Amino acid sequence: MRSDLNVPMDGARVADDQRIVASLPTIRMLVDAGARVLVLSHLGRPKGEVDPGLSLAPVAERLGAVLGREVRFGPDPLGRGVAEPISGEVVLLENTRFELGETRNDTELARSWADLGDLFVNDAFGTAHRAHASTVGIASAMRSKGGDAVSGLLMARELRYLGDALREPDRPFVAILGGAKISGKIDVISALSSRVDRLLVGGAMANTFFRALGLDTGASLVEEDRIEMARELLEVVGDTLLLPTDCIVAESLEAGSRSRVVHRSQVEDADHIVDVGPETVTAFDEVIGRARTVVWNGPMGVFEVPDFSRGTEGVAHSVADACDGGALVVVGGGDSAAAAHLAGVSDRLSHISSGGGASLALLAGQELPGVESLSDGA
Ligand code: ADP
Ligand code: MG
(Lines give C-alpha, C1' and ligand atoms only; values in the text may rest on other atoms or scores of the structure.)
(Ligands and ions follow the chains in the order given, each with its own letter.)
Protein backbone atom coordinates (compact mmCIF):
# COMPACT_ATOMS: atom_id res chain seq x y z
CA MET A 1 0.00 0.00 0.00
CA ARG A 2 1.21 3.53 -0.81
CA SER A 3 0.06 6.15 1.70
CA ASP A 4 0.88 9.82 1.95
CA LEU A 5 2.49 9.99 5.39
CA ASN A 6 4.48 13.08 4.44
CA VAL A 7 3.73 14.89 7.71
CA PRO A 8 5.30 18.09 9.06
CA MET A 9 8.09 17.15 11.49
CA ASP A 10 9.55 19.04 14.42
CA GLY A 11 12.96 17.37 14.67
CA ALA A 12 12.21 13.68 15.31
CA ARG A 13 8.68 14.45 16.45
CA VAL A 14 5.55 14.34 14.29
CA ALA A 15 4.29 17.94 14.44
CA ASP A 16 0.87 17.31 12.85
CA ASP A 17 -0.63 13.85 12.34
CA GLN A 18 -3.58 14.78 10.09
CA ARG A 19 -2.22 12.82 7.14
CA ILE A 20 -1.56 9.78 9.33
CA VAL A 21 -5.12 9.91 10.62
CA ALA A 22 -6.48 10.35 7.09
CA SER A 23 -4.75 7.12 6.04
CA LEU A 24 -6.31 5.01 8.81
CA PRO A 25 -9.60 3.88 7.17
CA THR A 26 -7.84 2.02 4.35
CA ILE A 27 -5.21 0.48 6.64
CA ARG A 28 -7.96 -0.65 9.04
CA MET A 29 -10.00 -2.13 6.23
CA LEU A 30 -7.01 -4.17 5.02
CA VAL A 31 -6.04 -5.27 8.52
CA ASP A 32 -9.62 -6.31 9.31
CA ALA A 33 -9.66 -8.35 6.12
CA GLY A 34 -6.61 -10.23 7.40
CA ALA A 35 -4.25 -8.77 4.83
CA ARG A 36 -0.52 -8.61 5.44
CA VAL A 37 0.01 -4.88 5.03
CA LEU A 38 3.23 -3.32 3.83
CA VAL A 39 3.02 0.48 3.74
CA LEU A 40 5.22 2.72 1.56
CA SER A 41 5.48 6.50 1.88
CA HIS A 42 7.85 9.36 1.26
CA LEU A 43 8.78 12.06 3.77
CA GLY A 44 10.22 15.41 2.67
CA ARG A 45 12.66 15.72 -0.20
CA PRO A 46 15.81 13.69 0.55
CA LYS A 47 16.71 13.57 -3.20
CA GLY A 48 17.69 9.92 -3.41
CA GLU A 49 20.04 9.93 -0.45
CA VAL A 50 19.64 8.53 3.03
CA ASP A 51 18.90 11.42 5.38
CA PRO A 52 18.43 10.20 8.97
CA GLY A 53 16.51 13.42 9.73
CA LEU A 54 13.85 12.28 7.25
CA SER A 55 13.40 8.74 8.57
CA LEU A 56 9.86 7.42 8.81
CA ALA A 57 10.65 5.65 12.11
CA PRO A 58 8.84 8.28 14.26
CA VAL A 59 5.90 8.14 11.82
CA ALA A 60 5.65 4.35 12.28
CA GLU A 61 5.41 4.91 16.01
CA ARG A 62 2.69 7.55 15.67
CA LEU A 63 0.80 5.45 13.12
CA GLY A 64 0.81 2.59 15.64
CA ALA A 65 -0.48 4.90 18.36
CA VAL A 66 -3.43 6.22 16.33
CA LEU A 67 -4.17 2.82 14.81
CA GLY A 68 -4.20 1.21 18.24
CA ARG A 69 -1.88 -1.65 17.27
CA GLU A 70 1.84 -2.01 16.81
CA VAL A 71 3.25 -0.90 13.48
CA ARG A 72 6.59 -2.54 12.79
CA PHE A 73 9.18 -0.29 11.11
CA GLY A 74 11.30 -1.72 8.28
CA PRO A 75 14.53 0.31 8.07
CA ASP A 76 15.13 -0.54 4.40
CA PRO A 77 12.95 1.22 1.80
CA LEU A 78 13.02 -1.92 -0.36
CA GLY A 79 12.18 -4.24 2.52
CA ARG A 80 15.52 -6.12 2.33
CA GLY A 81 16.14 -7.97 5.57
CA VAL A 82 12.68 -7.05 6.83
CA ALA A 83 10.60 -10.07 7.85
CA GLU A 84 7.32 -10.34 5.92
CA PRO A 85 4.28 -9.14 7.81
CA ILE A 86 1.98 -11.82 9.16
CA SER A 87 -1.79 -11.75 8.65
CA GLY A 88 -3.27 -8.54 10.10
CA GLU A 89 0.15 -7.02 10.75
CA VAL A 90 1.22 -3.57 9.49
CA VAL A 91 4.82 -2.84 8.49
CA LEU A 92 5.95 0.62 7.38
CA LEU A 93 9.09 0.67 5.24
CA GLU A 94 11.64 3.50 5.27
CA ASN A 95 11.25 6.69 3.16
CA THR A 96 10.78 5.79 -0.53
CA ARG A 97 12.70 8.91 -1.56
CA PHE A 98 15.92 7.54 -0.03
CA GLU A 99 15.97 5.65 -3.36
CA LEU A 100 17.22 7.69 -6.32
CA GLY A 101 14.86 5.91 -8.72
CA GLU A 102 11.71 6.90 -6.81
CA THR A 103 11.09 10.33 -8.30
CA ARG A 104 12.40 9.14 -11.71
CA ASN A 105 9.76 6.42 -11.76
CA ASP A 106 12.49 3.83 -12.28
CA THR A 107 11.14 0.55 -13.67
CA GLU A 108 13.50 -1.76 -11.76
CA LEU A 109 12.76 -0.05 -8.47
CA ALA A 110 9.02 -0.21 -9.16
CA ARG A 111 9.33 -3.92 -9.92
CA SER A 112 11.12 -4.70 -6.65
CA TRP A 113 8.34 -2.95 -4.73
CA ALA A 114 5.65 -4.77 -6.74
CA ASP A 115 7.41 -8.07 -5.96
CA LEU A 116 6.76 -7.52 -2.25
CA GLY A 117 3.02 -8.07 -2.58
CA ASP A 118 0.02 -9.49 -4.44
CA LEU A 119 -2.15 -6.37 -4.60
CA PHE A 120 -1.26 -2.66 -4.79
CA VAL A 121 -3.50 -0.15 -3.04
CA ASN A 122 -2.75 3.51 -3.72
CA ASP A 123 -4.14 5.85 -1.07
CA ALA A 124 -1.56 8.62 -1.57
CA PHE A 125 -3.74 11.33 -3.10
CA GLY A 126 -1.20 13.99 -2.08
CA THR A 127 1.33 12.66 -4.60
CA ALA A 128 -1.14 11.54 -7.27
CA HIS A 129 -0.12 14.41 -9.56
CA ARG A 130 3.41 12.97 -9.84
CA ALA A 131 4.54 9.82 -11.62
CA HIS A 132 6.88 8.13 -9.16
CA ALA A 133 8.07 4.52 -8.81
CA SER A 134 6.09 3.86 -5.62
CA THR A 135 2.88 5.33 -7.07
CA VAL A 136 2.78 4.83 -10.84
CA GLY A 137 5.60 2.40 -11.74
CA ILE A 138 4.56 -0.07 -9.06
CA ALA A 139 0.98 -0.14 -10.40
CA SER A 140 2.00 -1.29 -13.87
CA ALA A 141 4.64 -3.65 -12.46
CA MET A 142 1.97 -5.19 -10.24
CA ARG A 143 -0.37 -5.65 -13.18
CA SER A 144 2.29 -7.19 -15.40
CA LYS A 145 2.86 -9.88 -12.80
CA GLY A 146 -0.87 -10.61 -12.66
CA GLY A 147 -1.79 -8.58 -9.56
CA ASP A 148 -4.20 -5.66 -9.39
CA ALA A 149 -3.67 -1.95 -8.56
CA VAL A 150 -6.60 -0.09 -6.99
CA SER A 151 -7.47 3.10 -5.07
CA GLY A 152 -7.69 3.23 -1.31
CA LEU A 153 -10.63 4.81 0.51
CA LEU A 154 -9.02 8.24 0.95
CA MET A 155 -8.04 8.37 -2.72
CA ALA A 156 -11.58 7.39 -3.71
CA ARG A 157 -13.09 10.05 -1.44
CA GLU A 158 -10.85 12.78 -2.86
CA LEU A 159 -11.77 11.80 -6.41
CA ARG A 160 -15.46 11.75 -5.53
CA TYR A 161 -15.44 15.28 -4.12
CA LEU A 162 -12.91 17.02 -6.33
CA GLY A 163 -13.56 15.11 -9.51
CA ASP A 164 -17.10 13.77 -9.76
CA ALA A 165 -18.90 16.35 -7.62
CA LEU A 166 -17.43 19.28 -9.51
CA ARG A 167 -18.00 17.83 -12.96
CA GLU A 168 -21.71 18.55 -12.90
CA PRO A 169 -22.09 20.94 -9.98
CA ASP A 170 -25.36 22.23 -8.58
CA ARG A 171 -25.56 25.92 -9.45
CA PRO A 172 -24.74 28.63 -8.59
CA PHE A 173 -21.20 27.23 -8.54
CA VAL A 174 -18.77 29.62 -6.81
CA ALA A 175 -14.98 29.33 -6.59
CA ILE A 176 -12.91 31.32 -4.10
CA LEU A 177 -9.22 31.62 -4.88
CA GLY A 178 -6.49 33.29 -2.88
CA GLY A 179 -3.02 32.73 -1.53
CA ALA A 180 0.35 34.15 -2.35
CA LYS A 181 0.77 33.61 -6.05
CA ILE A 182 -1.10 33.50 -9.31
CA SER A 183 1.71 31.63 -11.04
CA GLY A 184 1.11 28.25 -9.39
CA LYS A 185 -2.63 28.53 -9.94
CA ILE A 186 -2.99 29.94 -13.46
CA ASP A 187 -4.33 26.66 -14.84
CA VAL A 188 -6.87 26.46 -12.03
CA ILE A 189 -8.01 30.04 -12.58
CA SER A 190 -8.55 29.52 -16.29
CA ALA A 191 -10.16 26.08 -15.93
CA LEU A 192 -12.52 27.23 -13.18
CA SER A 193 -13.35 30.61 -14.68
CA SER A 194 -15.15 29.01 -17.62
CA ARG A 195 -17.12 26.61 -15.38
CA VAL A 196 -18.13 28.65 -12.36
CA ASP A 197 -20.88 31.26 -12.05
CA ARG A 198 -18.72 33.49 -9.84
CA LEU A 199 -14.99 33.50 -9.17
CA LEU A 200 -14.00 35.39 -6.01
CA VAL A 201 -10.32 36.33 -5.82
CA GLY A 202 -8.48 37.54 -2.71
CA GLY A 203 -5.03 37.22 -1.16
CA ALA A 204 -1.86 38.50 -2.80
CA MET A 205 -3.23 36.98 -6.00
CA ALA A 206 -5.70 39.87 -6.15
CA ASN A 207 -2.82 42.39 -6.11
CA THR A 208 -1.62 41.27 -9.50
CA PHE A 209 -5.16 41.72 -10.83
CA PHE A 210 -5.29 45.20 -9.23
CA ARG A 211 -2.19 46.14 -11.19
CA ALA A 212 -3.78 44.77 -14.35
CA LEU A 213 -6.63 47.22 -13.67
CA GLY A 214 -4.09 50.05 -13.40
CA LEU A 215 -4.36 50.41 -9.61
CA ASP A 216 -1.41 51.19 -7.32
CA THR A 217 -0.46 48.39 -4.94
CA GLY A 218 2.35 50.16 -3.06
CA ALA A 219 4.82 47.74 -1.46
CA SER A 220 2.47 44.74 -1.74
CA LEU A 221 3.43 41.33 -3.06
CA VAL A 222 2.83 41.42 -6.84
CA GLU A 223 3.98 39.09 -9.60
CA GLU A 224 5.17 41.67 -12.13
CA ASP A 225 5.64 39.04 -14.81
CA ARG A 226 2.01 37.92 -14.50
CA ILE A 227 0.30 41.31 -14.84
CA GLU A 228 -0.16 40.89 -18.57
CA MET A 229 -1.63 37.43 -18.07
CA ALA A 230 -3.97 38.82 -15.41
CA ARG A 231 -5.08 41.51 -17.87
CA GLU A 232 -5.90 38.90 -20.51
CA LEU A 233 -7.81 36.81 -17.98
CA LEU A 234 -9.85 39.84 -16.91
CA GLU A 235 -10.89 40.36 -20.52
CA VAL A 236 -11.89 36.75 -21.02
CA VAL A 237 -13.79 36.17 -17.78
CA GLY A 238 -15.41 39.59 -17.44
CA ASP A 239 -18.11 39.87 -14.78
CA THR A 240 -17.62 36.32 -13.51
CA LEU A 241 -14.54 37.48 -11.64
CA LEU A 242 -15.14 39.45 -8.47
CA LEU A 243 -12.16 41.28 -6.96
CA PRO A 244 -11.94 42.92 -3.52
CA THR A 245 -13.11 46.54 -3.40
CA ASP A 246 -11.35 47.38 -0.14
CA CYS A 247 -8.32 46.02 1.67
CA ILE A 248 -6.34 46.09 4.89
CA VAL A 249 -2.96 47.74 4.37
CA ALA A 250 -0.11 47.57 6.90
CA GLU A 251 3.43 48.92 7.33
CA SER A 252 4.75 45.37 7.00
CA LEU A 253 3.57 41.74 7.02
CA GLU A 254 4.78 41.32 10.62
CA ALA A 255 2.49 40.92 13.63
CA GLY A 256 2.00 44.19 15.48
CA SER A 257 2.55 46.37 12.44
CA ARG A 258 0.12 49.29 12.16
CA SER A 259 -2.75 48.78 9.70
CA ARG A 260 -5.83 50.55 8.28
CA VAL A 261 -8.78 49.85 5.99
CA VAL A 262 -8.66 51.55 2.58
CA HIS A 263 -10.54 51.47 -0.71
CA ARG A 264 -8.49 49.58 -3.28
CA SER A 265 -7.86 52.85 -5.14
CA GLN A 266 -6.20 54.44 -2.08
CA VAL A 267 -3.20 52.22 -1.51
CA GLU A 268 -0.09 54.34 -0.86
CA ASP A 269 3.54 53.71 -1.79
CA ALA A 270 4.63 52.33 1.59
CA ASP A 271 1.51 50.16 2.07
CA HIS A 272 1.46 46.37 2.09
CA ILE A 273 -1.93 44.86 1.29
CA VAL A 274 -2.30 42.14 3.92
CA ASP A 275 -6.00 41.21 3.79
CA VAL A 276 -9.30 41.95 2.10
CA GLY A 277 -11.42 44.65 3.78
CA PRO A 278 -14.80 44.42 5.56
CA GLU A 279 -16.83 45.62 2.56
CA THR A 280 -15.31 42.79 0.51
CA VAL A 281 -16.02 40.22 3.23
CA THR A 282 -19.69 41.23 3.09
CA ALA A 283 -19.83 41.17 -0.72
CA PHE A 284 -18.16 37.74 -0.82
CA ASP A 285 -20.50 36.48 1.91
CA GLU A 286 -23.55 37.43 -0.16
CA VAL A 287 -22.30 35.54 -3.21
CA ILE A 288 -21.26 32.50 -1.15
CA GLY A 289 -24.61 32.53 0.65
CA ARG A 290 -26.47 31.93 -2.62
CA ALA A 291 -24.11 29.19 -3.85
CA ARG A 292 -25.06 25.50 -4.12
CA THR A 293 -21.49 24.38 -4.80
CA VAL A 294 -18.34 26.05 -3.44
CA VAL A 295 -14.65 25.41 -4.02
CA TRP A 296 -12.18 27.29 -1.84
CA ASN A 297 -8.43 27.37 -2.36
CA GLY A 298 -6.09 29.93 -0.83
CA PRO A 299 -6.42 32.36 2.09
CA MET A 300 -7.66 35.94 1.60
CA GLY A 301 -4.67 37.47 3.39
CA VAL A 302 -1.69 36.87 5.65
CA PHE A 303 -3.94 34.80 7.93
CA GLU A 304 -0.98 33.53 10.00
CA VAL A 305 -0.98 36.97 11.66
CA PRO A 306 -4.18 37.26 13.75
CA ASP A 307 -4.66 40.96 12.88
CA PHE A 308 -4.64 40.09 9.17
CA SER A 309 -6.82 36.98 9.35
CA ARG A 310 -10.30 38.55 9.38
CA GLY A 311 -10.92 38.25 5.64
CA THR A 312 -9.92 34.58 5.63
CA GLU A 313 -11.96 33.92 8.77
CA GLY A 314 -14.92 35.68 7.17
CA VAL A 315 -14.73 33.42 4.12
CA ALA A 316 -14.33 30.36 6.37
CA HIS A 317 -17.54 31.27 8.19
CA SER A 318 -19.39 32.12 4.97
CA VAL A 319 -18.57 28.75 3.39
CA ALA A 320 -19.44 26.88 6.61
CA ASP A 321 -22.83 28.68 6.74
CA ALA A 322 -23.43 27.82 3.08
CA CYS A 323 -22.63 24.17 3.84
CA ASP A 324 -25.01 24.19 6.83
CA GLY A 325 -27.63 25.45 4.38
CA GLY A 326 -27.11 22.45 2.09
CA ALA A 327 -24.37 23.59 -0.30
CA LEU A 328 -21.51 21.27 -1.22
CA VAL A 329 -18.28 22.86 0.03
CA VAL A 330 -14.84 21.56 -0.89
CA VAL A 331 -11.62 23.09 0.46
CA GLY A 332 -8.21 22.41 -1.07
CA GLY A 333 -4.72 23.59 -0.16
CA GLY A 334 -2.68 23.14 3.00
CA ASP A 335 -2.93 26.75 4.16
CA SER A 336 -6.65 26.96 3.45
CA ALA A 337 -7.21 23.75 5.42
CA ALA A 338 -5.19 25.25 8.28
CA ALA A 339 -7.28 28.44 8.06
CA ALA A 340 -10.50 26.41 8.25
CA HIS A 341 -9.15 24.71 11.39
CA LEU A 342 -8.16 28.06 12.91
CA ALA A 343 -11.64 29.42 12.27
CA GLY A 344 -13.10 26.30 13.92
CA VAL A 345 -15.26 25.33 10.94
CA SER A 346 -13.45 22.22 9.61
CA ASP A 347 -16.17 19.79 10.62
CA ARG A 348 -18.90 21.93 9.04
CA LEU A 349 -17.51 21.48 5.50
CA SER A 350 -18.29 18.70 3.00
CA HIS A 351 -14.66 17.86 2.32
CA ILE A 352 -11.19 19.19 3.08
CA SER A 353 -8.70 17.82 0.61
CA SER A 354 -5.54 16.20 1.96
CA GLY A 355 -3.52 17.13 -1.12
CA GLY A 356 -2.44 20.62 -2.17
CA GLY A 357 -0.84 20.21 -5.60
CA ALA A 358 -2.97 17.20 -6.47
CA SER A 359 -6.20 18.98 -5.61
CA LEU A 360 -5.15 21.97 -7.74
CA ALA A 361 -4.35 19.67 -10.66
CA LEU A 362 -7.78 18.04 -10.38
CA LEU A 363 -9.52 21.42 -10.18
CA ALA A 364 -7.60 22.47 -13.27
CA GLY A 365 -9.12 19.47 -15.02
CA GLN A 366 -5.78 17.66 -15.39
CA GLU A 367 -5.45 13.90 -15.29
CA LEU A 368 -3.47 12.56 -12.36
CA PRO A 369 -0.85 9.92 -13.26
CA GLY A 370 -1.23 8.27 -9.85
CA VAL A 371 -4.93 7.79 -10.56
CA GLU A 372 -4.70 6.88 -14.26
CA SER A 373 -2.40 4.00 -13.33
CA LEU A 374 -5.04 2.29 -11.18
CA SER A 375 -7.54 -0.15 -12.65
CA ASP A 376 -10.46 1.61 -10.95
CA GLY A 377 -8.85 5.02 -11.26
CA ALA A 378 -10.67 6.43 -14.24
P1 ADP B 1 -2.90 27.02 -0.04
O2 ADP B 1 -1.80 26.29 0.73
O3 ADP B 1 -4.21 27.00 0.68
O4 ADP B 1 -2.99 26.55 -1.47
P5 ADP B 1 -1.14 29.19 -0.75
O6 ADP B 1 0.04 28.37 -0.30
O7 ADP B 1 -1.31 29.42 -2.18
O8 ADP B 1 -2.49 28.56 -0.13
O9 ADP B 1 -1.08 30.63 -0.07
C10 ADP B 1 -0.97 30.80 1.32
C11 ADP B 1 -0.06 31.94 1.65
O12 ADP B 1 -0.45 33.13 1.01
C13 ADP B 1 -0.08 32.24 3.13
O14 ADP B 1 1.21 32.00 3.67
C15 ADP B 1 -0.44 33.72 3.21
O16 ADP B 1 0.29 34.42 4.19
C17 ADP B 1 -0.08 34.21 1.83
N18 ADP B 1 -0.80 35.44 1.49
C19 ADP B 1 -2.14 35.59 1.34
N20 ADP B 1 -2.45 36.87 1.09
C21 ADP B 1 -1.27 37.56 1.09
C22 ADP B 1 -0.93 38.94 0.89
N23 ADP B 1 -1.86 39.86 0.65
N24 ADP B 1 0.39 39.27 0.95
C25 ADP B 1 1.32 38.33 1.19
N26 ADP B 1 1.06 37.02 1.38
C27 ADP B 1 -0.24 36.64 1.33
MG1 MG C 1 0.36 26.59 0.79
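Predicted model: local features only at pLDDT ≥ 70, side-chain atom pairs only at ≥ 80, totals over all residues.
Figure 1. Six residues of domain 1 touch twelve residues of domain 2. If you are tracing the chain, domain 1 covers residues 9-151 and domain 2 covers residues 158-363. Taken over C-alpha atoms, the centres of the two domains are 34 Å apart. The size of an interface is often expressed as the accessible area lost when the parts come together. Here, the area buried between domain 1 and domain 2 comes to about 620 Å², with carbon and sulfur atoms giving 71% of that area.

**Figure 2. The largest pocket, with lining residues from both domains.** Domain 1 and domain 2 each give residues to the lining, so the largest pocket lies between them. The space in this pocket is about 1300 Å³. Its lining is made up of 45 residues, and those nearest the pocket centre are Asp4, Arg19, Ser354, Gly355 and Gly356. Elements that supply two or more lining residues are α1 (18-22), α6 (153-167), α12 (334-342), β16 (351-352) and α13. Sorted by class, the lining of the largest pocket holds 21 polar, 13 nonpolar and eleven charged residues.

**Figure 3. The largest cavity and the residues around it.** One cavity of 30 Å³ or more turns up in the model. The space in the largest cavity is about 40 Å³. Look for Asp4, Arg19, Ala22, Ser23, Asp123, Phe125, Gly126, Leu154 and Ser354, which form its lining. The classes are represented by three nonpolar, three polar and three charged residues.

**Figure 4. Thr127 and its contacts.** Thr127 sits in the loop between strand β6 (119-122) and helix α5 (133-144). Its relative accessibility is 5%, under the 20% cut-off, so Thr127 counts as buried. Setting aside neighbours within four places in sequence, the contacts of Thr127 are Arg2, Asp4, His42, Arg97 and Thr135. Asp4 also belongs to the lining of the largest cavity.

**Figure 5. Helix α7, largely enclosed by the rest of the structure.** This helix runs from residue 186 to residue 193, and six of its eight residues are buried, which is why it is described as largely enclosed. The buried ones to pick out are Ile186, Val188, Ile189, Ala191, Leu192 and Ser193.

**Figure 6. Backbone details at Lys47, Asn105 and Pro172.** Lys47 is not a glycine, yet its phi is positive, at about 55 degrees. You will find Lys47 in the loop between β3 (37-39) and α3 (57-67). With 66% relative accessibility, Lys47 counts as exposed. Asn105, another residue other than glycine, has a positive phi near 55 degrees. Asn105 is placed in the loop between β5 (90-93) and α4 (107-114), and its relative accessible area of 24% makes it partly exposed. For the last stop, follow the chain to the peptide bond from Arg171 to Pro172, which is cis, with omega near 0 degrees. Pro172 belongs to the loop between α6 and β8.

Technical notes: Residues numbered from 1 in each chain as written. Chains lettered and ligands numbered in written order. Heavy atoms only, no water. Buried < 20%, exposed > 50% of the residue type's maximum accessible area, 1.4 Å probe, protein only. Helix = DSSP H or I, 4+ residues; strand = E, 2+ residues; numbered from the N terminus. 1 Å grid on protein atoms, 1.4 Å probe; cavity = no way out; pocket = protein on both sides within 12 Å on 5 of 7 lines; lining within 4 Å. Points joined across faces, edges and corners; volume = space filled by probe spheres on them. Nonpolar A, V, L, I, M, F, W, Y, C, P; charged D, E, K, R; others polar. Domains from an automatic or database assignment. Contact = heavy atoms within 4.5 Å. Buried area = accessible area lost by both parts, 1.4 Å probe.
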